[in-house]
Amino acid sequence: MYFCISICKIKKETKLFPKNSKTIIHMKYDLIVIGSGPGGYIAAVRASQLGKKVALIEKYPTLGGTCLNVGCIPSKALLDSSHHYYDAVHHFEAHGISVEKPTFDFKKMLARKANVVETTTSGIKYLMDKNNIEVYEGLGSFEDKTHVKVSKNDGTSVVIEGTNIIIATGSKPSSLPFIKIDKERVITSTEALKLKEVPKHLLVIGGGVIGLELGSVYKRLGADVTVIEYMDKIVPGMDADVSKELQKVFKKQGIKFATSHKVTSVQKNGDTVVVKATDKKDREIEFNGDYCLVSVGRKPYTEGLGLEKVGVQVNERGQIETNNHLQTNVASIYAIGDVVQGAMLAHKAEEEGVIVAEFLSGQKPHIDYNLIPGIVYTWPEAAAVGKTEQELKDANIAYKSGKFSMRALGRSRASGDIDGFVKVLADKNTDEILGVHMVGARVADLIMEAAVAMEFRASAEDLARICHGHPTYSEAVKEAAKAAWDGMPLNA
């Protein structure tokens, strides 16, 4: 009886494609998701929760995409390990803790990182099983607007059919045209997470989030680190005060900066990497190190998808064009995350995955891109949500600003984390909060207080009048809000 039912089911759900072809349609789904990063797997889970029959395609053996395998998760594991070591070397004595000269085992750090990654990616596999999502391992490419071919690593392939399809294939590290990435001495973030040794002198091209985080890891472990940045400040997309404070703190930690420097060449000579750049006075400057991390951003990854076969529109930056529902010009195909416009952030991709899954289920979800927080996981951390001061000036919006130093907090003095501040920007006339910018301990978590307040269009006064626990880091938010509201913080 079971055999008969199974055969009947297979006959019902398989068919030839196209007519007179020998290609077999393996299964039909309500939704196919190509890519298992944070955007893709979350979209699959949400769609399944809402009653959809879902398939997930991933070309690599492990799920989770760049973020879980060679991005967010492994980098945070190394940031935490290196932070513990740095504290032991520099801060334990101040707390009355005496230890022999601390040492570290880099191989063990990397092994711990690998274990964190394995545990996390295994968790994604568990979620797929729990939500009855069928996973196909292989490269997904379009046959037409509703059929995707999965080319497996063993040389075989299947074609599956989906009423709707989500492209969630993420991004890859960018480079400069004249730089040859050899993955040994001239590396991207992927290789920087699995070096066999701590560099003697790490040259970092690009003073953005990735460069600063990985530069911090190796500086804490004893490397000399020089950051070479084309713009006149690091993390140029963040508020100018955040950039200034981070650079000041990192300089105290021993990181060197060369801002307003245009890299012109990168050459490897044996175990040495030579980077040449011109400064703002057009003088040529030469930097020498044993490793060079190229961290000049990321680019959408759509290779092998066959977008041209179905006519999906892509802009000049390689991003897939979508409407407000993240739908492409081909009605059955959607795109989310790093392959579309906007910040290349895992949490942005997750929200877009939820948006599409709910939209396809007849709901009316929303997303406010202005309220997606940006975070730098160095120490101190940096975080922001909403508009920067420069953006408000450029838009001719009348605003007021309130700023409060972490140094003035009892909690910060108790922990020894006195660097940083919280800055609140509010509308000059209505007092509505327009932007919040932070540098300090645990601000990566603290920023969500600001995001929630802004989601409900709170005023600076609203935030200032909320009772905050004492002593906590969050009191800095209350004080900065009060400074923006009436100019009179209570502890400054």
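Helix H8 covers residues 240-253; at 1.5 Å a residue its 14 residues should span 20 Å, and the end C-alpha atoms are 20 Å apart, which agrees. The model is predicted.

**Helix H8**

- At the start of H8, a side-chain oxygen of Asp239 comes within 3.0 Å of the backbone nitrogen of Asp241.
- Just after the helix, Gly254 has a positive phi of about 105°.
- The buried residues in H8 are Val242, Ser243, Glu245, Leu246, Gln247, Val249 and Phe250.
- An α-helix has 3.6 residues a turn, so residues three or four places apart point the same way.
- The cover over the buried residues of H8 includes one helix, H7 (209-220), and the strands E12 (256-258), E20 (381-386), E22 (421-427) and E23 (433-440).

**Tyr334**

- Tyr334 belongs to strand E18, residues 333-335.
- Its relative accessible area is 3%, so Tyr334 is buried, the cut-off being under 20%.
- Beyond neighbours within four places in sequence, Tyr334 is in contact with residues including Asn164, Ile165, Ile166 and Ile167.
- Val356, Phe359 and Leu360 are also among the contacts of Tyr334, as are His325, Leu326, Gln327 and Thr328.
- With Gln327, the side chain of Tyr334 makes a polar contact of 3.3 Å.
- Ile320 is 14 residues from Tyr334 along the chain, and their C-alpha atoms are separated by 9.2 Å.

**Ser459**

- Ser459 sits in the loop between helix H13 (443-455) and helix H14 (460-464).
- Ser459 is buried, with a relative accessible area of 12%.
- Not counting residues up to four places away in sequence, Ser459 touches Asp431, Glu432 and Ile433.

**Aromatic rings**

- The model holds five aromatic pairs.
- One of them is edge-to-face: Tyr85 and Phe104, at 4.9 Å centre to centre with 70° between the planes.
- Tyr85 lies in helix H4 (residues 72-90) and Phe104 in the loop between H4 and helix H5 (106-130), so this pair ties together parts 19 residues apart in sequence.
- Tyr85 counts as buried at 18% relative accessibility, whereas Phe104 counts as partly exposed at 29%.

**Charges over rings**

- The charged end of Lys53 sits over the ring of Tyr29, 5.5 Å from the ring centre.
- Lys172 lies over the face of Tyr301, with 5.1 Å to the ring centre.

Technical notes:
Residues are numbered from 1 along each chain as its sequence is written. This is a predicted model: local features need pLDDT of at least 70, side-chain atom pairs count only at pLDDT 80 or more; totals for chains, interfaces and linings use all residues. Side-chain values use heavy atoms; hydrogens and water are left out. Helices (H or I, at least four residues) and strands (E, at least two) are DSSP runs, numbered from the N terminus. The expected span of a helix is 1.5 Å times one less than its number of residues. Buried means under 20% relative accessible area, exposed over 50%, partly exposed in between (1.4 Å probe, protein chains only). Contact means heavy atoms within 4.5 Å. A polar contact is a pair of N or O atoms within 3.5 Å; within protein, one must be able to donate a hydrogen and the other to accept it, and residues adjacent in sequence count only if both atoms are side-chain atoms. Rings of Phe, Tyr and Trp (its six-membered ring) pair if their centres lie within 6.5 Å; planes under 30 degrees apart count as stacked, over 60 as edge-to-face and the rest as tilted. A charge sits over a ring if NZ of Lys or CZ of Arg is within 6 Å of the ring centre and within 35 degrees of the ring normal.
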